[in-house]
Amino acid sequence: MTVTVISICVFLLHMATTQVILELADDMIELGSDLKLKCTILNDIALDKSREWRGGKDNKLLCYDSVTIDPQKYKEERISTTAYELTVKKVSENDLQCPYSCRFGFDIDEKFLDINEKNFIHMPDKNAVHFDYKQQNGTFILSFELHKVFPKPVCNVIINGVNRNLTVADKSKSRVLLNVTYRLESDKPLHNCWEPINITCLIGQKTHPFTVDHPFVCKRKRLFQEYEQADINRVED
């Protein structure tokens, strides 16, 4: 009975004296930019205690007493008498959606770097957009693909001044980024001849427009009009 009481007291004492606080970045996270993590010790830093950072995709050791596993990727610096900061350089997908921890002596704090639309937005590259518009068996079919984007966009097409929502037909995910395919079918053209199709996507809090030309239907109409005009000219001559 006495041993049990002592064990409980020791455990509670350890919990009560945890002196480390890990703070994740408050600003928007961007791929390719630097990410800073802050570790604060509630008392002055004792030189005889070791420091350690862990995290990333495999929750591996990143830094031990200012020595990093990869100086090109990680850097630690002392920013006050009670705080250290770890910089993760050129953030990639593998640096996101994973735990990070800082340890000082026997005290440790760990937090999960959760990605959501409030702290992370990634706009699609212009070269990673695929568009297809065709007429098949009397049906006009619009297919629109966005690659490497976050969060999932909400897209619509503007037809004669009216917005029509594009339905998500397919979606895949890497570690963080999404590839999304949208589709819309109509028995009427989704455009006016010789005018581009205008698509608008809401990505997080940002609106991103896409303008796409679609000459194939109107080419046939133009040829017909040219033949018709040629017949009129022959009659007049």
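Strand β6 pairs with strand β7 (residues 83-88) in the antiparallel sense over six bridges; strands are DSSP runs of E with at least two residues, numbered from the N terminus, and two of them pair if DSSP finds at least two bridges between them. S80 stands opposite A83 in β7. The model is predicted: local features need pLDDT of at least 70 and side-chain atom pairs count only at pLDDT 80 or more, while totals for chains, interfaces and linings use all residues. Residues are numbered from 1 along each chain as its sequence is written, and side-chain values use heavy atoms, with hydrogens and water left out.

The pair belongs to an open sheet of four strands, with the order β1-β2-β7-β6 and antiparallel pairing. Its edge strands, each pairing on one side only, are β1 (20-23) and β6 (74-80). In general, strands of a sheet pair through backbone hydrogen bonds, either parallel or antiparallel.

A search of the whole structure finds one cavity of 30 Å³ or more. A cavity is a set of points, on a 1 Å grid over the protein atoms alone, where a 1.4 Å probe fits but cannot get out; lining residues have an atom within 4 Å of a point. The largest cavity has a volume of about 40 Å³, the volume being the space filled by probe spheres set on the points, which are joined across faces, edges and corners. Among the residues that line this cavity are C39, W53, E76, Y84 and F104. At least two lining residues come from each of β2 (35-41), β3 (51-55) and β8 (98-104).

Technical notes:
On a 1 Å grid over the protein atoms alone, a cavity is a set of points where a 1.4 Å probe fits but cannot get out, and a pocket is an open set with protein on both sides within 12 Å along at least five of seven lines; lining residues have an atom within 4 Å of a point.
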